[in-house]
Amino acid sequence: MAIIVNLDVMLAKRKMKSKDLAEIIGITTANLSILKSGKAKAVRFSTLEAICKALDCQPSDILEYVND
Amino acid sequence: MKTIQLLRTLINILFYTLIAVFAIGFTFFIILYFFPESLSMPLRNFSMLFNQPFGWKIYLIPMLTMINFTLLIIAVFLLKRGTTSFLKSDFYNENVTTSFKKAGSIFIFIGVSTIIVQLFTVLYIQNFVYNMAQVGTNYLLSMLNILAAAIDLKSTFSIIIGLFFLLFSKIFEHSRKLEQENELTI
């Protein structure tokens, strides 16, 4: 997949657990796991905004484009 | 929900009625062929079917009717299977799309095969009659008559229903993809 989700890296940098992030942004851990594993088909702006707010980062820190 | 339940009930009634008719017809023909003496006189007259002088061509229409009837039972069974998940409000599973696709193809086959056989039957009968009577005819008028006799409303409707089911199948397949995408949108 051309878009890589670097949520794991950001979580490690902020020393935050997936469960806590899921709780803060208001999604289930299952959905967060889908997002982390790159299985998600799309990300809502509201979710992205909540993640950026919770992790104090930019969208570019979470999403990365890699040419296949 | 009431509409789905009504549809399901009607499909169930149709399916079991078709099964019963098939079973009765099959049993009747078995008895007629092997034990005709056990039948009453008016029913025994049907055994003329097995010893008539016209050859195999006369069997074409009854055989096709039997095949089409069997296929109709299969198509109704597929619709029954397809609508089962509707009751659980699960419209977009693979079972629905495959069942509708197969049922649609069967309805189209029934319609097309009936039209083709009717076309050949009318051609055959017309040739037979003209050869017997030795009369000339207007070619265009004759072809129009043949087409009008062969393409009946029932067969055309069967093809249209089949195409609709194929279309439904495509729509449900597309909807299933959209639902999956929606579920995977975080």
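Here is a walk through this two-chain model, starting with confidence and ending at the contact between the chains.

Keep in mind that the model is predicted. For the complex, the predictor reports an ipTM of 0.74 along with a pTM of 0.73. Chain B comes out with an average pLDDT of 83, and 85% of its residues score at least 70.

Now for the fold of chain B. You'll find 6 helices and 0 strands there, so to trace the chain from its N terminus is to read α-α-α-α-α-α. Of the 186 residues in chain B, 27% count as buried. Take the contacts in chain B with a separation of 6 or more, and 74% of them come from residues 24 or more positions apart.

Let's zoom in on one spot, B:Asn93. This residue sits in the loop between helix 3 (60–87) and helix 4 (94–133) of chain B. Is B:Asn93 buried or exposed? B:Asn93 has a relative accessibility of 19%, and because the cut-off for buried is under 20%, B:Asn93 counts as buried. Its side chain has a polar contact of 2.9 Å with the side chain of B:Asp90. A polar atom of the B:Asn93 side chain also lies 3.1 Å from the backbone nitrogen of B:Asn95. Set aside the neighbours within four places in sequence, and B:Asn93 is in contact with B:Ser85 and B:Arg176.

For a contrasting case, look at B:Leu153, found in helix 6 of chain B. At 73% relative accessibility, B:Leu153 counts as exposed because the cut-off for that class is over 50%. Going from B:Leu153 to B:Gly104 takes you 49 residues in sequence and 17 Å in space, C-alpha to C-alpha.

Over in chain A, there's a charged pair to look at. Side chains of opposite charge can pair when their charged atoms come close. Here, A:Lys36 forms a salt bridge with A:Asp8, and their closest N and O atoms are 3.7 Å apart. The two residues are 28 residues apart and link distant parts of the chain, with A:Lys36 in helix 3 of chain A and A:Asp8 in helix 1 (residues 7–14) of chain A. Both ends are partly exposed: A:Lys36 has a relative accessible area of 24%, and A:Asp8 has 45%. Over all chains, the structure holds 1 salt bridge.

That brings us to where the chains meet. Chain A puts 11 residues into the contact, and chain B puts in 5 residues. About 720 Å² is buried between chain A and chain B, with 65% of that area coming from carbon and sulfur atoms. On the chain A side, A:Lys41, A:Ala42 and A:Arg44 supply 59% of the area that chain A buries against chain B, more than any other three residues. Which helix gives the largest share of the side of chain A that touches chain B? That's helix 3 (residues 29–37) of chain A, with 3 residues. Sorted by class, the side of chain A that touches chain B has 6 nonpolar, 2 polar and 3 charged residues. As for specific pairings across the interface of chain A and chain B, there are 0 salt bridges and 4 residue pairs in polar contact.

Notes:
Residues numbered from 1 in each chain as written. Chains lettered and ligands numbered in written order. Predicted model: local features only at pLDDT ≥ 70, side-chain atom pairs only at ≥ 80, totals over all residues. Heavy atoms only, no water. Contact = heavy atoms within 4.5 Å. Buried area = accessible area lost by both parts, 1.4 Å probe. Salt bridge = Lys/Arg side-chain N within 4 Å of Asp/Glu carboxyl O. Polar contact = N/O pair within 3.5 Å; in protein donor to acceptor, adjacent residues only side chain to side chain. Helix = DSSP H or I, 4+ residues; strand = E, 2+ residues; numbered from the N terminus. Nonpolar A, V, L, I, M, F, W, Y, C, P; charged D, E, K, R; others polar. Buried < 20%, exposed > 50% of the residue type's maximum accessible area, 1.4 Å probe, protein only. pLDDT = per-residue confidence, 0-100.
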